[in-house]
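Hi everyone, thanks for having me.

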Amino acid sequence: MLVLPRRSDDPGASVPSPALLADTAPSSGALAPRSWLHSDAPSLSLNGDWRFRLSPTADLPDDVARADLDDAGWDTLPVPAHWVLHGDGRHGRPSYTNVQYPFPIEPPFVPDENPTGDYRRRFDLPAGWPVDARVVLRFDGVESLYRVWLNGVEVGSASGSRLAHEFDVTDRVRAEGNLLAVRVHEWSAASYLEDQDQWWLPGIFREVTLTARPADGVEDVWLRTAFADGVGTILPEVTAPEPAFPVTLRVPELGVETVWATPADVAPVAVGEVDPWTAETPRLYDATVTAQGETITLRLGFRTVEIRGDRFLVNGRRVVFHGMNRHETHPVRGRVFDGEHARADLIRMKQFNVNAIRTSHYPPHPRLLDLADELGFWVILECDLETHGFEKAGWRDNPSDDPRWRDAYLDRIRRTVERDKNHPSIVMWSLGNESGTGANLAAMSAWAHDRDPGRPVHYEGDYTGEYTDVYSRMYSSVPETEQIGTDGSLAPLLGCTPAQGARQRTKPFILCEYAHAMGNGPGALDQYEALVDAHPRLHGGFVWEWRDHGILARTADGIPFYAYGGDFGEVVHDGNFVMDGMVLSNDVPTPGLHEFKAVAQPVALTFDGGELVVTNRRHSASTADLALRLTVEHDGREAASGTLDLPVVEAGESARLPLPAVPVAEGAETWLTVTAVLAADTAWAPTGHVVARAQLDRSAPRRPRPGSRAVDWREAEGTLTLGPATFERGRLVSLGRRAVAGPRLELFRAPTDNDEGATYGDLAASDASTVGVSSASLWREQGLDRLTHRVVVVHEADGALRTITRVSAANSVDSVTVETVWTLDEGELGLRVEIQPSSGWPSVWPRIGVRFDLPDGDGAVEGAEWFGTGPLESYPDSTRAAYVGRFRATVAELKVEYARPQETGHRAAVREVDLGAFGFTAFPDSRGRLPGFSLSRHTPQQVAAAGHPHELPESDTTYLFVDAAQHGLGSRACGPDVWPEFALRPEARTLRLTFHI
Ligand code: IPT
């Protein structure tokens, strides 16, 4: 074992930086952790502009604290901030890695090349500062290791970037002219424990505060609560010195005023009937704890968390997590907390039917938990821990099982639990993420259980369930998740013997990560949701992840864009894997989030005969807050509307409501839409906000369209016209007075991040040789992105034109035969396209469709109005948010600006499209399948070549795609491939359109 100089517990003892950097001990001189409390004791914020000097190495003279050091020439840097996000590159740049360590793996050492920031700030104590109080200096977050000096004397050092540390500076602080100096190293032994999938962002990034600690104040308080049978209890723990007593607990709304004369008198308080706290009904009661010299203000939520058998219960009722993994990330601020932005984000979550947050993979800013208490979320609060980079070498030397790191692990969980223990929203502690397994994790769990018996402990890496309370996995496929939920087959579970697997099945199951939301996707959200309804052991999960982590940057020409890994010249990075959120960097919710909202809707609306069945899927709230609205549309145009009385349906119950008569149209589609909307304003959405939607097709039977008549074909040449359409050698050149080229077969789509993924399932592969190969690479190998065309025949007849084209790629024997037949029937211009692949194509296809080119010369196409599904894009395994209606969008609005350009914009099942200059009607094929359409300023080949939106070339053409079919999305960027039912195999397809000028 390596022998290092011990850090002394004596504040002020100075260990030189290089030794400190390789010290696995968590801190020296820091006080025991306690709750982050709202107190009336005086405090002084030390946020603001500090003097700042950055050095490329950690091996520096200990001059930062010297009073006579001249820092006039230093930079100015705000606190809180990350130095890499300030100074226009003068302070280095951010870097992104997922699993990889950006330094050699030789724990606990880090390279000498170790950016080190020296910070200095002068301050005076404000007037009226209590002279007899202890003085405590608090850091809420510094990345990664830092040393602190006050007035030239070192007061301590600490690591644990997203954890709080306090130092007693009573003996060092002066009324005036204080000099606070902090030296922050980007890399340290602690960096081995902070290998989360995110940007590395050094600096003092959370608040620095000086607090007065009155001698008769409250050091710490924990008001645990319980709720059972309608009655609440407060289980207090007060840490305060004798002179603080008597201490009074007040909960005015409950008439509670309890005085504890001495520490020994502190005892549980029965408060009688209360409204419980739940994520749906986040009922909080204001409370104060008043000691002789200090008053602490808290908000109490009464709830009991419990595991009974394989059920996770709050207040005795099963919880289903419709959760998001939430990182702290902001395109300008990085991990610096912005209360308004965080609130807006959480409000957005509520609006999208998100009810849970996993704080991946570290404690957030403490104020986030105030917001979670207030708005209502089930929170899994995760410790700041990840050692993922050790996986590469089979977890050899993993700190999780190395006694040298035990103190650091225990320090981290203590700081996590102690800081946030008062929050009712936290229903589980999580030890960390992706850190293998080992004794140090078991020790953390034992400590957490002992300290807080009221909350279960989670850690996904404990596959066999040796020290945690719930069974947790990430990215398990739908069939595997189903097997976890059932006992029938007792199929083996990851990393478990049959006996261990059987034991894991006796616990509640959660997916701590699933549905990797990178780029266009994820698919299959509804399949996971169906499992949760069918198997009560399954308690839902947490989508990976809530937001893209893009950093707002500018190109050399000043064009703003959201940067990802590699954009700052990092040598080692993981590209756009950091852009895997349900919300884009600029706060725009993706279609994936809309899909989540539809899938996670808290009331299910289904139709049964003439009745609407309303099922309340909530934890405990009734439907008293909701109203039902009805609309009838004929071909997407409103024909009638009204409301339906919704009786109060209790959680877990259903009601059947007779539907009113629906006026059915002749010769048009009739759709009934029912929405459940908020009946009154809430903290997170106004009256009328839609929480659930369902549609019923009430159309009269449609008359089949006669097929086109047989014709006598003859060879055709030169220019031909059919009504408004002009053709050259069989190819369309104009429609009406507008240049239009096409239709041209397109089988390629710009690969999505999931198409580029090669993890997990390999349903796309045709045989074992392609296992582990992405669909996108198979497509490129087959040349789907570089198809060539050969016109075989051009035929004409009276009022008709036909071409047969053979489409194939260089050096390929596989081909597609495309027959197009244009007809002019009673003045109506019709097009039928038959697409027939040769046998032998080896893998799934991205799409089967045709492209029309609409050059700008005759005026750019502004957008489309369509009758079909919308309003957003949808793909075969992500259809639940789409509904039938009449929609309108500009070309720009039709696409989603994913961080890396990729397939976007497909509107499925379209019936009518109006592009201004012309429009078309689409007809179902013989199996009733309607095509989809999209409009784009770029071809899929151009989109696929761009790494960022600003890299797309200038365009003078709008491309219209009419797709008979699209491949599903899946979530194979990190998870399962497209489910076979939604995978597009090469197959014959027919498109049938008529055009209107
Ligand atoms: C999983 C990580 O836990 C998470 O932090 C993130 O990196 C995610 O993957 C991918 O975006 S770990 C993976 C190996 C399943």
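Let's begin with helix 3, whose buried residues pack against strand 2 (38–39), strand 23 (295–300), helix 2 (339–351), strand 29 (378–382), helix 4 (406–420) and strand 30 (426–430). Before we go on, please keep in mind that this is a predicted model, where local features need pLDDT of at least 70 and side-chain atom pairs count only at pLDDT 80 or more, while totals for chains, interfaces and linings use all residues. Residues are numbered from 1 along each chain as its sequence is written, and side-chain values use heavy atoms, with hydrogens and water left out.

Helices (H or I, at least four residues) and strands (E, at least two) are DSSP runs, numbered from the N terminus. Buried means under 20% relative accessible area, exposed means over 50%, and partly exposed is in between, using a 1.4 Å probe and protein chains only. Contact, or touching, means heavy atoms within 4.5 Å.

Back to helix 3. How many of its 10 residues are buried? Eight of them are, so the helix, residues 366–375, is mostly covered. The buried ones are P366, L368, L369, D370, L371, A372, D373 and L375.

Helix 9, residues 591–599, gives us a second example: eight of its nine residues are buried, so the rest of the structure largely encloses it. Those buried residues are P591, G592, L593, E595, F596, K597, A598 and V599. Their cover includes strand 27 (321–325), helix 2, strand 33 (509–514), helix 8 (525–534), strand 34 (538–543) and strand 43 (690–697).

A nonpolar core is a set of buried Ala, Val, Leu, Ile, Met, Phe, Trp, Tyr and Cys residues joined through side-chain atoms within 4.5 Å. The largest one here has 99 residues, and F596, L605 and L628 touch the most other members. Apart from that core lies another one, of 68 residues, among them V173, A279, F312 and F568. As background, nonpolar side chains tend to be buried together in soluble globular proteins.

Now for the ligand. Which residues are closest to it? Among the 15 residues that surround the ligand, the closest are D197, H361, N433, E513 and H516; a residue counts as near if one of its heavy atoms lies within 4 Å. An N or O atom in the D197 side chain is 2.5 Å from a ligand oxygen. H361 has a polar side-chain atom 2.7 Å from an oxygen of the ligand, and E513 has one 2.7 Å from a ligand oxygen. On its own the ligand would expose 390 Å², and the protein buries 89% of that; these areas come from the Shrake-Rupley method with a 1.4 Å probe.

Let's turn to Q902, in the loop between helix 11 (891–894) and strand 56 (912–914). Is Q902 buried or exposed? With a relative accessibility of 4%, Q902 is buried. Its side chain makes a polar contact of 2.8 Å with the side chain of D753. A polar contact is a pair of N or O atoms within 3.5 Å; within protein, one must be able to donate a hydrogen and the other to accept it, and residues adjacent in sequence count only if both atoms are side-chain atoms.

T719, in strand 45 (residues 719–722), has a polar contact too: 3.0 Å, side chain to side chain, with E728. Now find P107: T719 is 612 residues from it in sequence, and their C-alpha atoms are 75 Å apart.

P107 brings me to the backbone. Most residues other than glycine have a negative phi, and most peptide bonds are trans. Yet P107 and P108 are joined by a cis peptide bond, with omega about 5°, and G742 and P743 by another cis bond, with omega about -10°. For positive phi, look at Y475, near 65°, which is buried at 4% relative accessible area. D587 has a phi of about 80°, and at 26% relative accessibility D587 is partly exposed.
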